[in-house]
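My notes below keep to what I looked up, in the order in which I looked.

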Amino acid sequence: MTRLQNYKQAEQKLEQYLRTKRLRCTHERRQILQQVMRYPHHFTAEQLVQDICEREHIAVATVYNTLLLLTDCHLLHKLPPQSGGRVAEYELVQGKGNVLRFVCTQCGREVNFKHNMVEQMLQDKQFPNFSMNNFTLTIYGTCKVCRRKIK
């Protein structure tokens with residue numbers, strides 16, 4: 001799927017969500033969605049504010065409120081702060097599928113990949129009160145490079 005197709009699909013999902021909530025799909029919300037779709041990996045709210053406010057005349061409150069909307073309509077995941085940090089990060093849900101993520105707590109290096117066996121195990125598991133759409137499994141530890149530095 002191309003970047004334009006991904007954007008159009010995300011825009012449709014946002015418009016549908018906003019209609020159900022009886023909210024307007026404004027130019028500012030579309031601009032913020034476009035910027036979010038440009039990020040190849042996760043990003044912080046502060047990064048988004050800096051990037052979008054350089055080009056557009058959008059209020060900071062609008063950016064934060066739109067992040068909440070994009071999270072509520074399941075276009076974004078809000079990730080917990082990493083290794084003692086205080087800043088949450090966001091990432092696109094769309095096109096990611098199921099992801100295993102290894103994060104080094106020393107240098108912050110991150111490796112993402114798919115693992116069919118874990119995916120199959122979770123799909124086979126019955127969760128009586130929960131219907132799973134997708135998952136991101138994050139495992140924290142120390143990468144090989146940092147382990148060598150420690151020794």
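I began with valine 36 and listed its contacts, leaving out residues up to four places away in sequence; in this predicted model Val36 touches Phe43, Leu48, Leu70, Leu76 and Leu92.

Next I looked at the helix that carries Val36. H2 covers residues 27-38, twelve in number, and spans 17 Å from its first C-alpha to its last, close to the 16 Å expected at 1.5 Å a residue. I noted that Val36 is buried in H2, as are Arg29, Gln31, Ile32, Leu33, Gln35 and Met37.

I then turned to the largest nonpolar core, which has 25 residues, and asked which of them touch the most other members. They are Leu33, Val36, Phe43, Leu48 and Leu76. Looking up where this core comes from, I found that H1 (3-20), H2, H3 (45-55), H4 (60-72) and strand E3 (89-92) each supply at least two residues, and that H1 gives the largest share, with five.

My last entry concerns the sheet, which is open and built from three strands in the order E1-E3-E2, with antiparallel pairing. I recorded E1 (43-44) and E2 (76-79) as the edge strands, each of which pairs on one side only. Between E2 and E3, which run antiparallel, I found four bridges, and I saw that histidine 77 stands opposite glutamate 91 in E3. H4 packs on this sheet and touches E1, E2 and E3, while its direction makes about 110 degrees with that of E2.

Notes: Residues are numbered from 1 along each chain as its sequence is written. This is a predicted model: local features need pLDDT of at least 70, side-chain atom pairs count only at pLDDT 80 or more; totals for chains, interfaces and linings use all residues. Side-chain values use heavy atoms; hydrogens and water are left out. The expected span of a helix is 1.5 Å times one less than its number of residues. Buried means under 20% relative accessible area, exposed over 50%, partly exposed in between (1.4 Å probe, protein chains only). A nonpolar core is a set of buried Ala, Val, Leu, Ile, Met, Phe, Trp, Tyr and Cys residues joined through side-chain atoms within 4.5 Å. Contact means heavy atoms within 4.5 Å. Two strands pair if DSSP finds at least two bridges between them. Axes are lines fitted to C-alpha atoms, for helices over the stretch in contact, and angles run from 0 to 180 degrees between N-to-C directions.
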